[in-house]
Amino acid sequence: KTESQYVYRKLLEQMGVQVQPNENPSEIYAKVSSGYQLWEYNRKEVLGAVPGAPGLMLHIAGQYTQNFEKVEGMSFIKQVLKFNHHTLVLDVLGKVWGYGHNNYGQLGLGGQFIPRTQAMIYAPVVQPQNEVAIPTQAPNLSNIVYIAGTNQFSIAVDSEGGVWMCGLSDSSGLPFPSYNNGFHNPNFTKINLPVDYGKIVKASISYSCLILLNDKQQAYIIDSKYAATLRHNIKFVSQKSSHDVDYTIMITDSNSIIYGSVRGYTEVNPPKPVKKAVRLQ
């Protein structure tokens, strides 16, 4: 028996789960904890030898391998957020991991930002941790129960209802002061929320607003002007963002969608929020 397997066996015993001698304690713990290993679907160019140049390998035009590959070091996964160029992972132990691009500080792993100029307004640079090759744990987070984010910034909710954020807010519903049309924060920092918000259990973010859902089914919608709107009897919140459109869905106890917004980014068709109540079938 390895030391790690012994630890999992003891954890299972504390949870009242009996492990048979021929069973793998770590696998059982992962299933009981609703945690899983992490796999990614990757597309890679195929390398081939160059005729007349022994040892020289180049990409073969138009040839790729496409398959699932296990992400080493990632086990007992509870939640995964996959963005354009980075990934955030929450494990069953309440730890947050990140890898990929960190040019906005969205992984919460620090780094020194280069001050933005007008020419760099949409392309801030962070050094030295602009690219994180392997899953790395966010250093100042623990007991996290939920994560959310966009391509630019990330949110984590802890077991006590605290909300943490990192990355770049750019005219979004974040209770941070803005700086040059954006606020840089390369490390997860706890937000000072009003006491009457209660215990937050879920956060949802898009480029247009932040939604905080508490344990009393109350949702606080914070828009880009940091003005909060309160909605009651909310049982589900979801948001989807891209560079040209935001979608927000909130579902009530009566099984109705009570709020939806669509925002377009064009000069001809400026952003226009749409509110609609729809009875779900």
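Biologist: Which strands form the open sheet, and in what order?

Modeller: There are 4 strands, in the order E13-E14-E15-E16, with antiparallel pairing. Strand E13 (200–205) and strand E16 (228–231) are the edge strands, as each pairs on one side only.

Biologist: What kind of model is this?

Modeller: This is a predicted model: local features need pLDDT of at least 70, and side-chain atom pairs count only at pLDDT 80 or more, while totals for chains, interfaces and linings use all residues. Residues are numbered from 1 along each chain as its sequence is written, and side-chain values use heavy atoms, with hydrogens and water left out.

Biologist: How do you know that E13 and strand E14 pair?

Modeller: Two strands pair if DSSP finds at least two bridges between them. E13 and strand E14 (residues 209–214) have 5 bridges, in the antiparallel sense. As one example, lysine 202 has leucine 213 in E14 as its bridge partner.

Biologist: What counts as a helix or a strand, and how many of each does the protein have?

Modeller: Both are DSSP runs, numbered from the N terminus: helices are H or I with at least four residues, strands are E with at least two. The protein has 2 helices and 20 strands.

Biologist: Why is the contact of lysine 10 with glutamate 13 called a salt bridge?

Modeller: A salt bridge needs a side-chain nitrogen of Lys or Arg within 4 Å of a carboxyl oxygen of Asp or Glu. Here the closest N and O atoms are 3.5 Å apart. That is within the limit, so the name applies. Side chains of opposite charge can pair when their charged atoms come close.

Biologist: How are lysine 10 and glutamate 13 placed in helix H1?

Modeller: They are 3 residues apart in helix H1 (residues 3–14), about one helical turn. An α-helix has 3.6 residues a turn, so residues three or four places apart point the same way.

Biologist: Is lysine 10 buried, partly exposed or exposed?

Modeller: Buried means under 20% relative accessible area, exposed over 50%, and partly exposed in between (1.4 Å probe, protein chains only). Lysine 10 has 34%, so it is partly exposed. Glutamate 13, at 45%, is also partly exposed.

Biologist: How many salt bridges does a search of the whole structure find?

Modeller: It finds 2. Lysine 82 and glutamate 40 also form one, at 2.8 Å from N to O. This pair links distant parts of the chain, 42 residues apart: lysine 82 lies in strand E3 (residues 77–82) and glutamate 40 in strand E1 (residues 39–50).

Biologist: Is lysine 82 buried or exposed, and what about glutamate 40?

Modeller: Lysine 82 has 56% relative accessibility, so it counts as exposed. Glutamate 40 has 15%, so it counts as buried.

Biologist: Why is glutamine 106 called buried?

Modeller: Its relative accessibility is 2%, so it falls under the cut-off for buried. Glutamine 106 is found in the loop between strand E5 (96–101) and strand E6 (112–114). Leaving aside neighbours within four places in sequence, its contacts (heavy atoms within 4.5 Å) include His86, Leu88, Asn151 and Phe153.

Biologist: What makes the approach of glutamine 106 to histidine 101 a polar contact?

Modeller: A polar contact is a pair of N or O atoms within 3.5 Å; within protein, one must be able to donate a hydrogen and the other to accept it, and residues adjacent in sequence count only if both atoms are side-chain atoms. A polar side-chain atom of glutamine 106 lies 3.3 Å from the backbone oxygen of histidine 101.

Biologist: Where does the side chain of asparagine 214 reach?

Modeller: It reaches the backbone oxygen of tyrosine 197, at 3.0 Å. Asparagine 214 lies in strand E14. At 3% relative accessibility, asparagine 214 counts as buried.

Biologist: What is the phi of asparagine 143?

Modeller: Near 55°, a positive value in a residue other than glycine. Asparagine 143 is found in the loop between strand E8 (131–137) and strand E9 (144–149). At 47% relative accessibility, asparagine 143 is partly exposed.

Biologist: What share of the residues of the protein count as buried?

Modeller: Of its 281 residues, 42% count as buried.
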